[in-house]
Structure formats: C-alpha cells, structure tokens
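This report describes selected local features of one protein chain.

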Amino acid sequence: MKKHNFSAGPCVLPQEVFLKASEAIMDFNGSGLSLIEVSHRSKDFVEVMEKARNLALELLGLEGKGYKALFLQGGASLEFLMVAYNLLETKAGYLNTGTWSSKALKEARLFGEVIEVGSSKDENFNYIPKGYTIPDGLDYLHLTSNNTIFGTQLKKFPKVDIPLVCDMSSDIFSRQLHFSQFDLIYAGAQKNMGPAGTTLVVVKEDILGKVSREIPSMLDYKVHISKDSMFNTPAVFAVYTSMLTLEWLKNLGGIAAIEEINEKKAQLLYSEIDLNPVFEGFAKKEDRSNMNATFNLTDSKLKDTFDALWKEAGINGLNGHRSVGGYRASMYNALSLESVGVLVDVMSEMERKG
Ligand code: PMP
C-alpha cells in the first residue's frame, strides 16, 4: 500500500512522475538506452536541461526579465557559500529565522561582514521577526522564505533597493509571489521539485560580476550561465525528474492552482490542531507555514498511542525535527488533500480516546 508521506524532504512526488522517471531509467525516449547511460551532451538530454530551465522560469513568471535558471549540485547548502562568494564584497544582511538561515549566515561570514538584521532565536524560531531595520550599504539581503524545521513562513517580504536573495528550498512553486522582487532564488530540488541531487538557482544576471575576488569556476554563477548549466556533468536523473514535476505542475494549472490546494490542506490540518485539545501548534499562528506544520501533544503520555495510530493508518514521516520535538507534517505540492484527511481523522480519533 502506498504510504501517506509527510516527510520533510526528500518527500512525496506525483505518482505519474515516479512512473515516467522509472520508465526513462529503462528506456529514455525510446532510444534503447537508459536515461542514466546516455551522454549529457546528447541532443535528447540537452533538450531536457533546456526544458527544465525554461519551465522553472515560466512557472515563476520570470521569462524575458533578465533571469537565468541553473540546475547545480551541492544542495542548497552549497548556495549558502556561492551566494556570498559571488555577491558579498563588504557586508550583507541576513534575517535569521532558523537553522538553515543560521547556516547560510555562517558561510557568508567567511567573505565579509554579516549583519543579522533580525532573529527569532530567542523563542526557538517559532515566529518571523518583524519591524527590523535594514542598514544602508548592504551588498544584498538574504531571507529564508520557509523554515522547514520550525514550520514558519514569510508572508511579507521587505522592499529593498539592494539585491534580494531568498532560500526557497521548502516552498518554491507552492504559492504565488511576485518573484521578480527577488534577484536570486535558490532551492534544493528535494521538496517541491524532484529528487535530491540538484539545486535550482534563478538569478538576475545583472547582479553578477560585481565582486573583486576571483571566483573558482565551479562556484561562479557566470560560468554556469555561460555553459547553459552544463559546465560539468549535471545530475541527469535529478534534472530529468525535476522537469517531469515541473511539467506536472504546469499541466495542473501552475502555481495558482497548486496554491489553492495547498491552502485547503493547511486549513484542514491547522483547524484540527486548533480545535482538538489533544494537540497544540508550535509556530505562532500568523507565521504558520503552509508547507510544514509543527505541533505537539498537550499530554506527552499520549505519545505511544498517537504514534501507533498514525503508523497504522499508513502515515510516514511525522516525527518532528530533533531541535523542536513533537510532530511535523510536511504538506508539499504532491501530497494529496486525502492524505491530510487521513491524518486529521487519526487526530480526531485521539481526541475520542484522550
Ligand atoms: N534550506 C532549507 C530551507 C532547507 O529546508 C534545507 C534542507 N532541508 C536546506 C536549506 C539544505 O538543503 P540541502 O540539504 O539541499 O543542502
């Protein structure tokens, strides 16, 4: 039986994507060769890379606006470093909203002065700082749109006249935003886009080439752009599967369509968390993430009963991250409303038992 997979990432992808990806492993485009045995320079794979890059820009509404899409390797974690390598000349601002922001900030400190413009560390990152001031003279401002571990999400983005960089690893393609307010967006594939192994970087070309340091080729966005994201052998399987997921999303009606479904899923789960006395939410209500819902039992003695119930219902991946504890239900694009319904039914059953 297929599980209801609430895993935080890698995570559920559309069934049709799993099927098409597995077919291509056996026979890529009827070529008699596997996707993973053909040259990445072959016509068929070059087309895949181009399609994936174009779909990413199209879905974000960034075509023809001076942006380039790249499928790189090294995860979002390498972007923590690459962003600073390519953009940080003297000082940068970082909004610290969780573990991943903190890691991004740490890497940037290797290259220049880093100003933490705001932080929610004082309350274990259960809220998004507001009303912070952004000092003058920054090379860029770095934000994390969705905090995967703590279950918070930025609803408003500051208006700035410096490059705005955003780690969207855990909510890209999930909600409509004015993506053109960002100058660089990056996201590891393994949530809303595909399997682990590739990272989408969408960058406005005119912000590059402004730092004085020499940048090693593999870490230089300009080099990857000049080679159409084929400077070295790309992660062919991850890029192909990402392309399939982006196609699936386009056929569904794009980000507007999935946003509606994501809102329904989040409303269903959060209303259960709020109404059911057995549970309490972790993140502040106004900052709750539609992707990762974090919650606890009000009575920890019920843990064994609840754990047995959700496992019996075919649910996978509900344990919270160790730095928060409790539970985390990740409701990425490919998780169905029905799966959320199954979780909510288990939670209601707990109320009857508890
Ligand atoms: N940023 C965010 C918001 C994440 O959720 C993660 C991974 N969960 C990362 C960065 C790190 O990504 P990777 O493992 O691809 O380096």
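Helices (H or I, at least four residues) and strands (E, at least two) are DSSP runs, numbered from the N terminus. The model is predicted.

**The annotated lysine**

Lys-191 is found in the loop between strand E9 (184-188) and strand E10 (199-204). An unreviewed UniProt entry lists Lys-191 under "modified residue: N6-(pyridoxal phosphate)lysine". Is Lys-191 buried or exposed? A residue is buried if 20 or more other C-beta atoms lie within 10 Å of its own. Lys-191 has 31 C-beta neighbours inside 10 Å and therefore counts as buried. Leaving out residues up to four places away in sequence, Lys-191 touches Gly-9, Cys-11, Ser-169, Ser-170 and Tyr-332.

**Annotated binding-site positions**

The unreviewed UniProt entry also places the feature "binding site" at Ala-76, Ser-77, Trp-100, Thr-148, Asp-167, Gln-190, Asn-232 and Thr-233. These positions span 158 residues in sequence, and the farthest two C-alpha atoms are 30.1 Å apart, so they do not all gather at one spot.

Trp-100 lies in helix H4 (residues 99-108), whereas Thr-148 sits in the loop between strand E6 (146-147) and strand E7 (152-153). Trp-100 counts as buried, with 22 C-beta neighbours inside 10 Å. Thr-148 counts as buried too, with 26 such neighbours inside 10 Å.

Neighbours within four places in sequence are left aside in the contacts that follow. Trp-100 is in contact with Thr-144, Thr-148 and Asp-167. The contacts of Thr-148 are Ala-8, Gly-9, Trp-100, Ser-170 and Asn-292. Gly-9 and Ser-170 are also among the residues that Lys-191 touches.

| Residue | C-beta neighbours inside 10 Å | Class |
|---|---|---|
| Lys-191 | 31 | buried |
| Thr-148 | 26 | buried |
| Trp-100 | 22 | buried |
| Asp-228 | 13 | partly exposed |

How many residues of strand E2 (residues 67-72) are buried? Six of the six are, so E2 is largely enclosed by the rest of the structure. In a regular strand the side chains alternate between the two faces of the sheet. In E2, Tyr-67, Ala-69 and Phe-71 point one way, while Lys-68, Leu-70 and Leu-72 point the other way, and all are buried. E2 runs antiparallel to E10 and is joined to it by six bridges. Lys-68 has Val-203 as its bridge partner in E10. E10 is also the strand that ends the loop holding Lys-191.

Three strands form an open sheet in the order E11-E12-E14, with antiparallel pairing. Strand E11 (279-281) and strand E14 (327-330) stand at the edges with a single partner strand each, so one side of each is left without a neighbour in the sheet. From one strand to the next, the twist averages 35 degrees.

Strand E12 (residues 292-297) pairs with E14 in the antiparallel sense over four bridges. Within this pair, Ala-293 stands opposite Ala-329 in E14. Helix H7 (residues 254-275) lies across E11, E12 and E14, and runs at about 20 degrees to E12.

**Packing of H8 and H9**

The axes of helix H8 (residues 303-312) and helix H9 (residues 337-353) come within 10 Å and cross at roughly 145 degrees. The crossing of H8 with H9 is right-handed. H8 contributes Thr-305, Phe-306, Leu-309 and Trp-310 to the contact, and H9 contributes Leu-343, Val-346, Glu-349, Met-350 and Lys-353. Of the residues of this contact, six are nonpolar, one is polar and two are charged.

**Backbone geometry**

Most residues other than glycine have a negative phi, and most peptide bonds are trans.

A cis peptide bond joins Gly-9 and Pro-10, with omega about -5 degrees. Pro-10 lies in the loop between strand E1 (4-5) and helix H1 (15-26). Gly-9 is touched by Lys-191 and is in contact with Thr-148.

Asp-228, which is not a glycine, has a positive phi of about 50 degrees. Ser-229, likewise not a glycine, has a positive phi of about 70 degrees. Asp-228 is found in the loop between helix H5 (221-226) and helix H6 (236-252), and Ser-229 is placed in the loop between H5 and H6.

Notes: Residues are numbered from 1 along each chain as its sequence is written. This is a predicted model: local features need pLDDT of at least 70, side-chain atom pairs count only at pLDDT 80 or more; totals for chains, interfaces and linings use all residues. UniProt positions are given in the numbering used here, feature names are shortened, and annotations may be inferred rather than shown by experiment. A residue is buried if 20 or more other C-beta atoms lie within 10 Å of its own, exposed if 12 or fewer, and partly exposed in between; C-beta atoms are placed from the backbone. Two residues are in contact if their C-beta atoms, placed from the backbone, lie within 7 Å. Two strands pair if DSSP finds at least two bridges between them. Axes are lines fitted to C-alpha atoms, for helices over the stretch in contact, and angles run from 0 to 180 degrees between N-to-C directions. A crossing is left-handed if the near helix is turned anticlockwise from the far one by less than a right angle, and right-handed if clockwise. Ala, Val, Leu, Ile, Met, Phe, Trp, Tyr, Cys and Pro count as nonpolar, Asp, Glu, Lys and Arg as charged, and the others, Gly among them, as polar.
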